[in-house]
Amino acid sequence: AGSFYVLERVPTPVSQPPSGSVFNNVFTEAITISDSFTESIITYQLDGQEPVECSGSKCNLVLSSDCAAATGSSDNETECSYTISATASAPERAISHSAVFHFTLTKPPFASSPTFSPAADGNVSVVGFDESLPVTIECSDPGAVPHYVLMPDDAEEKPEVTEYSAIYEGPILLSPRSSPGMELGVEGMGGKDGVTVIHAVCYSPALRLSPVASARYDVSERA
């Protein structure tokens with residue numbers, strides 16, 4: 001009679017954090033898949049994509065809350081769900097049972113839009129010769145910092161304002177002399193008129209970039 005023997009099976013992989021974990025208000029989350037048999041090699045599939053073979057008994061991968069299959073409403077495509085299947089193999093052992101892990105990530109909320117002071121109310125602000133109008137920008141979320149772009153009033157398109165735009169470090173001093181668009185005064189008054197539009201966002205590493213807020217300031221200099 002022929003002889004036979006039974007192969008010992010490689011233990012089933014596990015995940016850390018455990019399957020079923022939900023991570024709220026995050027951009028990314030690190031996942032570790034490991035096997036207790038240190039000589040094993042783990043192979044995993046993320047959402048049915050091509051299998052990935054790891055270099056040993058531990059795999060590290062990073063999941064993102066910004067995914068193509070996000071679900072939700074309005075800007076609201078804020079929830080991403082992932083399914084990871086994994087097996088472990090080793091020489092002279094039977095391949096492990098397949099493990100299936102499920103994870104859900106939700107994006108952080110948007111930062112609140114910045115506010116301007118004084119408010120841009122459509123009136124003309126009159127300053128003396130060689131004086132300026134100080135404009136402050138504030139973000140209400142803790143740790144959020146304003147970033148801004150100055151533009152002339154007649155710009156055809158709004159600029160893209162991001163966390164890489166100029167960082168607000170103190171009052172912006174507006175005057176006709178510093179305005180992106182300046183006109184000479186009329187009727188021999190010897191003055192100057194300038195319109196500046198400030199486009200700003202609030203940025204925090206813990207939040208999504210705020211919607212852009214814009215403020216138009218018409219500053220007139222009179223001697």
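Two strands pair if DSSP finds at least two bridges between them. Keep that in mind as you open this predicted model.

Select strand E3 (28-34) and strand E6 (58-64). E3 and E6 run antiparallel to each other and are joined over seven bridges. To see one of these links, click on Thr28: its bridge partner in E6 is Ser64.

You have an open sheet of three strands, in the order E1-E3-E6, with antiparallel pairing. From one strand to the next, the twist averages 25°.

**Stop three: the largest nonpolar core.** Show the side chains of Ile33, Tyr44, Leu63 and Ile84, the residues with the most contacts inside the largest nonpolar core, which has 24 residues. Then colour the elements that give two or more residues to this core: E3, strand E4 (41-46), E6, strand E8 (76-89) and strand E9 (99-106). E8 supplies the largest share of the core, with five residues.

**Stop four: around Tyr44.** Centre the view on Tyr44. Which residues does Tyr44 touch, leaving aside those up to four places away in sequence? They are Ile33, Glu50, Pro51, Val52, Cys54, Cys59, Leu61, Ile84, Ser85 and Ala86.

**Last stop: another core.** Finish by selecting Val135, Tyr148, Leu174 and Ala213. These are among the 15 residues of another core, which lies apart from the largest one.

Notes. Residues numbered from 1 in each chain as written. Predicted model: local features only at pLDDT ≥ 70, side-chain atom pairs only at ≥ 80, totals over all residues. Heavy atoms only, no water. Core = buried A, V, L, I, M, F, W, Y, C linked by side-chain atoms within 4.5 Å. Buried < 20%, exposed > 50% of the residue type's maximum accessible area, 1.4 Å probe, protein only. Helix = DSSP H or I, 4+ residues; strand = E, 2+ residues; numbered from the N terminus. Contact = heavy atoms within 4.5 Å. Axes fitted to C-alpha atoms, helices over the stretch in contact; angles between N-to-C directions.
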